[in-house]
Every structure is written in structure tokens, then in C-alpha cells.
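Visitor: Please show me the structure, and then I will ask about it.

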Amino acid sequence: MMKYDAVIIGSGQAGSPLAAKLAKVGWKTALIEKRWVGGTCVNDGCTPSKTLIASGRRAYLARHSAALGIQMPAPVVDMAAVIQRKDRIVIAKRARLEEWLRKTDGLDLIIGTASFTGDKKLTVHHPDGTSTEVEGEFIFVNTGASPQIPAIEGVNDTPYYTSTTIMDLKTVPDHLVILGAGYIAMEFGQLFRRLGSQVTLLERSAALLNKEDDDIAGELKNILEMEGIKIRLGTAVTKASRLADGKIELTLSSNGTSQTLTGSHWLIASGRLPNLRELKPERAGIVLTEKGFIKTDDRLETSVKGIYALGDVREGPAFTHISYNDYLVVSRNLLDKAGLSVQDRLVPYCMFTDPELGRIGLTEKAAREKGRRIKVAKLSMTQVARGIETGETRGMMKAIVDEETHEILGASILAPHGGEIMSVLEVAMMGKLPYEKIRDGIFAHPTFSESLNNLFMTLDNA
């Protein structure tokens, strides 16, 4: 039995920095990783997907250069080269992370699959068939989540892709059908449309992006449809099958009627589930939520004292930056007695469509449901100088302001560099600044962020 002060299971955006931090302050630490260091972000999420999206944007810009007076031949997409570039970036990033971890004194990087055998005891099954018994005074679970495959008739006999496997596709699909219309579906839908695919998105609910305001969701829907993406709402897939020519056929149910849809490729992007099957958390007495995620308190401790859950394996916003913030909360509480909580923390996020959707705080819909007295600022990108100059006038900016205090409660920025613009408002919210500070502030001209002046000026006439 190998005994440690801390055992971290999973080397994602919480696990890796936590392992290095604890080792550096003198804790004997083990970091267990079943596959590759870096977790979803480095290997299956942020890094590879945004690398591919960059290629799609270049193809889009080439096709639309004539509007700016530049005549270019139609772009030729070399999908194999696109994937090779993605792989080079991912492998290099993963290698740098692994080198850093292995050079950290007091840290053992253990490759294998961990399973609980009891309270704070684990067996690690190595790729060569051997195993190691491990015990830790503190255990930190950072095993992440994986794509959820719905129970559709025929799904197990029909070839499909997930957000992980589709990023290794070396040919451009003729017709990509996507189950789901969330953030992952929209990013990949726009990507493959720009690379040359016909794309159809199928969404069971009658509304698009139900966590966003209707005007933001509607604007994004219009943008994607203008690029040629077909979006079918209120449509469920009831059966899947593979045709003799290799294509896939989906039976759809919509408004009580049934029809079929044929595509060359099928991407399932309808949610994610926590990676817990092999870990066996029940053997340690860890309580799960109704949806199967690890249940924690507001300081990320599970039902077992000394065992913590971080990142996507716990129920909550599944974003890389949230996982990293989980690391900060846990490490500062344990080492500095900081008393930090994840309750009511500001949660920014971006959807990396083009234009990006940067989001922070309350939507208008959520604010009104809470009974807040608010003002709503809106600005179309057609009124943004930088947008007009660059030919990027799609989208809108929107902010929610408390009517009494004038503090910014939330923002939705659907614009080029929407995430960067949103971050300006996030800092204002962190400082509890009234919106007038942004309205009257000096921003460099001409920038997209400068138009936040104009966004809040719309409140003067509200």
C-alpha cells in the first residue's frame, strides 16, 4: 500500500495545478491519470476544438473576402492537414504539461485507472495489467465527464460520432446531422458548414438555448441559418439505422408526425455524464446527486470528510475555468484557511461560434423571474463602428442593470471577440461599479469594447 498525504484522480484543469501546488508545499502527492494528462480541455475540448474552429473561420473569411474588395479563389479544404495541425498543437501542449508534472518534486504521476476499494483507499489498474494499492489522507476527484449517448432504438448498431471522435475525422462530411443544439452542437455545426458540409441540427425542445434570452438565441439562430445551417426545433430522434450505402437514416418525430432524414455522418451532442463507472465512488460512501454526479457542499467536500470533487464530475457549470477555480477554492481553503465558497460565484462563459457569445451573470429572463427591478441595455452590432469597419455587423450586445443601484447584473455579448468584451463587464461586476462608469469611461478607439459606452447610453433614453 502506497500512502500519500493527497491523492488526486484525474489531471484536468483542477487536478494538475492542485497536485503541483500540494507537492510544492510539502505534501506527499499522487496524481492518477488513466489516459493523457490535461483532461478534456487539452485533449478533447478547448484546445483541439478551438484549433479546428480557427481553420473553419479562415475558410469563411476567404469565401467572403469579396465584400471587402479582395477577390480570392474558392478555398480548398485539406481536412487531413487541418487535423494534423490540431494534433500537433494538442500533443505539444500535453507534452509540456506532463514534463512539468514529472519534474515537480514530491509528486508521483501514476498512469492507470483508479477504483475505490474503501474509505480513502484505491486500486490503480495500470495499462500493463499490474495494479497498485494507494491510500490518501485527502482524496480529490477530478475525473471529468464524457458524451452521453441517449437510448434511441438502433443507436448501438448505427455509426455515430461524439464531440471527441469527430475531431479526428479526416474527410469533410457531405451531410452532417447533429443531435442536439447546445453549445457543442452549434460550434461543430458552424465549423463543418464552413468546411463545406451540409449541416442539420435536431433539437427536441421547442426553444433554442433555453438558458439564454429569446432575443439572443433568436439572433444566433438567424446567423447560423444565414450560413446555411438547417435547425429543426421540436424534433426528436426515435430510431437510427445504417443504410446499405453506409449513410445513416434517422426516424424523426415532430408535432405528432413521423418522417426520416438521411445523412452521411451523425454527431451526438446531447449532453455529458460524469466519469464514475470505473471509480466506484459508492465503495467510499460518496453520495451522488439524482443525475449521477458527485454531491458536494459549497466548499467542494463530498459526503465523506477529506474527499473532494472538482470540475465536471460534480453537478454545476461544466467549464474549464470553473474547474480551475475549483482548484483555487480547495487549495486556498486547505492551505490558507481562506474560507472560500463556490456559492453565488460569478460564472462567465463563451460559446465559440462566430460571432462569439460571451455571457456573465443574470439574463433578462432570470432577473425578471427573481423579481428584480431592472433596466435593459441593447445595441445592435450594425451600430458598432468597429463592426462596420471590419464588415462584422452580425450580433448584438445586451446588459442587465439593477434599477436602483445601477450595478450591472449580467451581460450577453454576441459579437466578434464577445468573450473579451464580456470580460470588461465581468471586472465591472466584480468591483460593483455602476453602469455609468462604463458609459462614461475612456476606451481606445476604434475597438469593439469601446461600444460598451454606446450600449449603456441606450439606458438614458429607456
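**Strand β12 and its surroundings**

Guide: Strands β12 and β13 (residues 257–263) pair in the antiparallel sense over seven bridges, where two strands pair if DSSP finds at least two bridges between them. This is a predicted model, in which local features need pLDDT of at least 70, side-chain atom pairs count only at pLDDT 80 or more, and totals for chains, interfaces and linings use all residues. Residues are numbered from 1 along each chain as its sequence is written, and side-chain values use heavy atoms, with hydrogens and water left out.

Visitor: In the hairpin of β12 and β13, which residue takes a positive phi?

Guide: Two residues lie between the strands of this hairpin.

Visitor: Which residue in β13 is the bridge partner of Leu 250?

Guide: Leu 252 stands opposite Gln 259 in β13. For Leu 250, the bridge partner in β13 is Leu 261.

Visitor: How many bridges join strand β11 to β12?

Guide: Strand β11 covers residues 236–242 and runs antiparallel to β12. Ala 240 stands opposite Leu 250 in β12. The hairpin of β11 and β12 has five residues between the strands, and Gly 246 takes a positive phi near 95°. The bridges joining β11 to β12 number six.

Visitor: Why is strand β12 largely enclosed by the rest of the structure?

Guide: Buried means under 20% relative accessible area, exposed over 50%, and partly exposed in between (1.4 Å probe, protein chains only). Strand β12 covers residues 248–254, and it is largely enclosed because its buried residues number five of the seven.

Visitor: How many helices and strands does the protein chain have?

Guide: Helices (H or I, at least four residues) and strands (E, at least two) are DSSP runs, numbered from the N terminus. By that count the protein chain has twelve helices and 21 strands.

Visitor: What is the radius of gyration of the protein chain?

Guide: The radius is taken over C-alpha atoms, and the globule rule is 2.2 Å times the number of residues to the power 0.38. With 462 residues, a compact globule would have a value near 23 Å, which agrees with that of the protein chain, 24 Å.

Visitor: What percentage of the residues in the protein chain is buried?

Guide: The C-alpha trace spans about 65 × 65 × 45 Å along its principal axes. Of the 462 residues in the protein chain, the buried ones make up 50%.
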